[in-house]
Amino acid sequence: MHDKTLTELAAGLATGEFSSRELTQALLARIERLDGDLNSFISVTAEQALAAADRADAARAAGNAGPLTGVPLALKDIFCTEGVKTSAGSRMLDNFIAPYDATVVEKLKAAGTVSLGKTNMDEFAMGSSNENSFFGPVKNPWDRDAVPGGSSGGSAAAVAAGLVPAAMGTDTGGSIRQPAAFCGITGLKPTYGRVSRYGIIAYASSLDQAGPMARTAEDCARLLTAIAGHDLRDSTSVARGVPDYTEELDAPLAGLKIGLPREYFGEGLDPAVEGAVREAIRVYESLGATVREVSLPHTHYAIPAYYVIAPAEASSNLSRYDGVRFGHRCEAPADLTDLYKRSRAEGFGEEVKRRILMGTHTLSEGFFDAYYKKAQQVRRLIRQDFLDAFDEVDVLMGPASPTPAFDLGAKKDPVSMYLQDIYTIAINLAGIPGISVPAGFVGGRPAEGRPVGLQILGTHFAEARLLNVAHQFQQATDWHLRRPALAEETL
Amino acid sequence: MQWETVIGLEVHVQLATRSKIFSGASTAFGAEPNSQACAVDLGLPGVLPVLNEAAVAMAVQFGLGIHAEIPEVSVFDRKNYFYPDLPKGYQTSQMYHPIVGPGEVEITLEDGATKRIRVHHAHLEEDAGKSLHEDFHGMTGIDLNRAGTPLLEIVSEPDMRSAKEAAAYLKAIHSIVTYLGISDGNMAEGSMRCDVNVSVRPRGQANFGTRAEIKNVNSFRFVERAIAFEVERQIELLEDGGEVVQETRLFDPERDETRSMRTKEQANDYRYFPCPDLLPVVLDRAYVDHLRDTLPELPADKRARFQDELGLSAYDAGVLSASREMAEYFEAVKEACCDAKLAANWVQGELSGALNREGLPIQDSPVSATQLGGLIARVMDDTINGKAAKQVFQALWNGEGGGDANSADEVIEAKGLKQVTDTGAIEAMIDQVIADSPAQVAQYRDAEPEKRGKMIGYFVGQVMKASRGTANPQQVNALLKEKLDALC
């Protein structure tokens, strides 16, 4: 069962081929067997999962099943989940049992899905390799020497390894798309405001967005339909109707205008990755699309702008972790200042501290205009670049990452890690949606090599179009059906 | 040297919304600690603020009440600092684009003169929780019930020149917000607090002196006392050749002094930036116009109307419009008796005296406005005389009579206080008193004519006594004079 897509599993549940309990038990057993090495889960909630599976089976027996009833999945450990530890990958929240459900979790529960647990991640979603987790790094199922990408590395690895058919991630600068690319799965970052952020532990509020990670674009479409929508508890969620995102999947691509941003094919791009991406573009041409080069002239400002705005927001968002009300508190504080200093020094990891320091600095008196204000101006220019491009073309395509997954421990200095996000980060600054789909393998070590992700970008709220474009590619190729050797093991 | 005091106030008004500014938790005062703090107020991981529309409406009403500009767009910012009762590590406030722009407040000074105090702006923000130092040995308790309570911070220009002006300004703000019904104005419960900026300069100097900010003063009286102390302290310092340092000070009402809390060097860098969880507040014209059209009459307008239309003196108009409750009571009395001047006299005289004796606010008066109006009406139509009216008032105060406008009539009836105006009856009583007082009549007759005026009082008193206070005093006077003079 573990090699089936979410869509196939939903069909199997609907026809009674297997029950949700059977499916859940099989996957829990698989997690038990394989995840000790992969480390893709922080918490496995077997008991709650089986209870939810039983409820799903009962609902189906009563004739109350919806399209996702009984479907298992996993949640990045950044979604508050009632009664379950929600750590954000941090020692700071190792003791935090969320007393409420995030809106996304609430919606997935209401849809009858069964969460098997909470997946590993870079601490507070800060990282591109999942090496910044208090709970240890996650291994890439395709090659256990490689990172799975980050920050939603646990979600990507769990799906790639067939531990769950789908998982929820969040994406602030590429945290869904880059690990999806590294692990050979499909990951969608929706338009900012499409999915409620309520109950998602905040990293950078103006950039964070939740989205589905699964085997196929079709799976992502089903999940997005379930989680999208306006939420009165999130003022930045957009009051706009939610279509059934599966409806347009089969629309033909003849006449589709694809733009290739010149800046996404320049220096720093691994030639093998470029080769795989150009090959994917040729597939689109064969499907009737036309291709032209476009320019996003402010692209090279995206990383600096991001590393001003995101840490600034993070420095403020993470102030609540002070050891007073919840989270880690140091032993025997001498006084209030000591309580703050030691609780935070002990609770936060290196990268989180680095970003808090950066953000605190750029917001300081005398620096605010030069950094934060300027970065916001740059952000507007970047957004305008995309809007101008979408006047000319329907979608933009390029690599999701300049390289395939790199080795664990390979990137020691933070800036080289930050540069990993060169093709994903501008999308968050602009607020537009993007999807990464498997588009080949490079390297050839070990057998298959490491996956490459094709990134497809659309204008605001063009998710249906993106999913259609991704789905048609997956009808014409089989990259998304490849499984790592690990995942092929049977029980 | 002649010194001039310069004062600016930052007044924090707690808005009377039912729920908090960014959450659905109740704002009611006095609940068990932390029983009114929801996930949002606690700043739990993942929670988001949602702006309370009622708080926006109240802020705009205040702005309209002080004739301020209402900008189309206002923005919430985060003010970042660590404090145990500040759950998120930042306070959501409005630094750069406040909801209310420049306006002005008219204050009335003791001599009846008025002065306009400019308001720089007013902005919305959330209150913090409370630290409780009692009852926790070696620890501090945190109560977050107050966290997230909506505040309107009203920032004046440094336009006040004395403690009295500052107190008058604070009273004017109090009166505006209570008239508008946007705050209960209860200072004892912290619904209104203010930070006072004080500096002194040699009279005639154009530049301001260095100021000290006195934090969290929470009564009209304390404002005056804190300023008085601070002005004296600064002048003494300067006259001794010292310098005032820019600092934050605390007023200690028990010792009647201000003490340094932190200097400018120790001040926080609050790292303000726009809150990414809240959208800018965009007010469309129709919304603002609707609020303007439904604004109640405010104290300054009421005072003017009391003078111009009701013919009251400036003083009476000021007193009677000072609070919404007072004005409402007065207008109801006036409505019931149809005479503004008599209503004004009774409300400020008999009623206020009784209320002061009992320490009651006017809204808790045992005598209702309609009862008092009914009583005054009986004075006006000569049913009772002034003396009897006081008796009736006392009876009403003690709860006699029914609850409505007829209460006074019932008391008059029950006590037989109806005024006797029958000349024959009064003459009979006079004749009896004269007959019973031969000695006094003799004195009267022997007195110089110009001294007789005073001596007639004795006879009036006797006649009134005989009538149990019900005889018409004017008639008694006139008839007595006639009869006594006839004996001379």
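This is a predicted model: local features need pLDDT of at least 70, side-chain atom pairs count only at pLDDT 80 or more; totals for chains, interfaces and linings use all residues.
In strand S3 of chain A, the residue that bridges to Ser43(A) is Lys118(A), and this pair belongs to a set of 3 bridges that join S1(A) to S3(A), residues 114–119, two strands that run antiparallel.

Residues are numbered from 1 along each chain as its sequence is written, and chains are lettered from A and ligands numbered from 1 in the order in which they are written.

Let me stay with chain A. Where does S1(A) sit in its sheet? The sheet is an open one of 11 strands with mixed pairing, in the order S1-S3-S2-S4-S6-S5-S10-S11-S9-S7-S8. Strand S1 (41–44) and strand S8 (290–294) of chain A stand at the edges with a single partner strand each, so one side of each has no neighbour in the sheet. From one strand to the next, the twist averages 30 degrees, where angles run from 0 to 180 degrees between N-to-C directions, and axes are lines fitted to C-alpha atoms, for helices over the stretch in contact.

Helices lie across this sheet, and I will point out two of them. Helix H2 of chain A, residues 20–38, lies across S1, S2 and S3 of chain A and runs at about 20 degrees to S3(A). Helix H8 of chain A, residues 271–286, lies across S7, S8, S9, S10 and S11 of chain A, at about 115 degrees to S10(A).

Taken as a whole, chain A has 16 helices and 11 strands. Its radius of gyration, which is taken over C-alpha atoms, is 21 Å, close to the 23 Å that the globule rule (2.2 Å times the number of residues to the power 0.38) gives for 491 residues, so chain A is as compact as a globular protein of that length. Buried residues, meaning those with 20 or more other C-beta atoms within 10 Å of their own, with C-beta atoms placed from the backbone, make up 60% of the 491 residues in chain A.

Now to chain B, which has 16 helices and 15 strands. How does its radius of gyration stand against that of a compact globule? For 488 residues a compact globule would be near 23 Å, but chain B has 30 Å, and its C-alpha trace spans about 95 × 55 × 55 Å along its principal axes. Of the 488 residues of chain B, 42% count as buried.

Chain B also holds an open sheet, here of 8 strands with mixed pairing, in the order S5-S6-S9-S1-S10-S11-S12-S13. The edge strands are S5 and S13 (257–263) of chain B, each of which pairs on one side only.

Finally, which parts of chain A meet chain B? There are 35 residues of chain A in contact with 24 residues of chain B, contact meaning that the C-beta atoms, placed from the backbone, lie within 7 Å. Helices H9 (302–317) and H10 (336–347) of chain A each supply at least two residues of that side of chain A, and H9(A) gives the largest share, 3 residues.

Methods
Two residues are in contact if their C-beta atoms, placed from the backbone, lie within 7 Å. Helices (H or I, at least four residues) and strands (E, at least two) are DSSP runs, numbered from the N terminus. A residue is buried if 20 or more other C-beta atoms lie within 10 Å of its own, exposed if 12 or fewer, and partly exposed in between; C-beta atoms are placed from the backbone. Two strands pair if DSSP finds at least two bridges between them.
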